[in-house]
Amino acid sequence: METLQWHSRPRLKEPVMLAAFEGWTDAGSAASGAASYLAAKWGARPFAEIDAEDYYDFTAVRPQVRLRRDRQREIVWPQNRFLAASIPGSRDVVLLIGSEPHLRWRAFCQCVTSVATELGVRSVFTLGAMLADVPHTRMVPVRGSTADPGMASRLGLQLPQYQGPTGIVGVLQDAFAKVDVPVASLMAQVPHYIPSTPSPKATLAIVERVCSLLVTHVPTTELEIASAAYERQVNDVVAADDDIAGYVVQLEGRADQRDDEDVDADLDLDLDNLPSGDALAAEFEQFLREQGGQS
């Protein structure tokens, strides 16, 4: 069986590709959430997928059992789906929404680049989100970077400066560069002290940045409402701990000094006696469970 499975081959006009993966570079489920949100708003239709068999350790990411309407059981495997959509007033878009694979990353990326080259994709944006020392009360930073000088100049993106471990989005960027398709990274920053909680605020920030770059618009009312509720809930948890509250105030001060360029990272933050991110995440999840029990 072919690893890359085509269901149809859409005819697209100067398409752009957006790629987002659940996993290491998807803090707060912000990137995968943004891609799914845009796909829904644009009415994107699936046309191809990458079979999971060669790329996942199923003892680490287990398939799910689901009951259909006829009560028959089916197995749902990890998915990497390609969808296509036409953006009103703009160009066509290909979306890749999936999960970071465990195995054979180069072969996986070759599947992705083959889809892009066959459909004539003009440029690619990988979407991601990482944990960072940022406060939940401020706008979510979304850093855009590209190694392509023309793309950087045209879209006002930074040249990449990061060195270190990377995820599938980093490897995919390298694969696109090798087939001469310009690629850029959009990376949102999610507060590290609430690492396991979905962040609609970061999802909203990515959606808005994508729309800005593609010169289009989608309604975001649902995300705005969810973001306001998210901030209120985190505020309640933070307010209950003086150490955490003080730390957030320091993060707010640093954020208020930040402009479009990176600020110096030598500001003193009082981390003494501060609970770990995991501890605060557990406290936040407990708060949400209690709130759910009261509703």
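1. The model is a predicted one, in which local features need pLDDT of at least 70, side-chain atom pairs count only at pLDDT 80 or more, and totals for chains, interfaces and linings use all residues. Residues are numbered from 1 along each chain as its sequence is written, and side-chain values use heavy atoms, with hydrogens and water left out.

2. The largest cavity holds about 40 Å³ of space. Strand S10 (183-191) and helix H5 (200-214) each contribute at least two lining residues.

3. On to charges: there are 11 salt bridges, counted when a side-chain nitrogen of Lys or Arg is within 4 Å of a carboxyl oxygen of Asp or Glu. In one of them, arginine 9 meets glutamate 118 at 2.5 Å, N to O. Those two partners are 109 residues apart, with arginine 9 in the loop between strand S1 (4-6) and strand S2 (16-22) and glutamate 118 in helix H2 (residues 105-119).

4. Do look at arginine 254 and aspartate 133, whose side chains form a salt bridge at 3.9 Å, N to O. Arginine 254 is in helix H7 (residues 242-257) and aspartate 133 in the loop between strand S8 (123-132) and strand S9 (142-146), so the pair ties together parts 121 residues apart in sequence. Arginine 254 is buried at 10% relative accessible area, whereas aspartate 133 is partly exposed at 36% (buried is under 20%, exposed over 50%, partly exposed in between, with a 1.4 Å probe and protein chains only).

Technical notes. On a 1 Å grid over the protein atoms alone, a cavity is a set of points where a 1.4 Å probe fits but cannot get out, and a pocket is an open set with protein on both sides within 12 Å along at least five of seven lines; lining residues have an atom within 4 Å of a point. Grid points are joined across faces, edges and corners, and a volume is the space filled by probe spheres set on the points. Helices (H or I, at least four residues) and strands (E, at least two) are DSSP runs, numbered from the N terminus.
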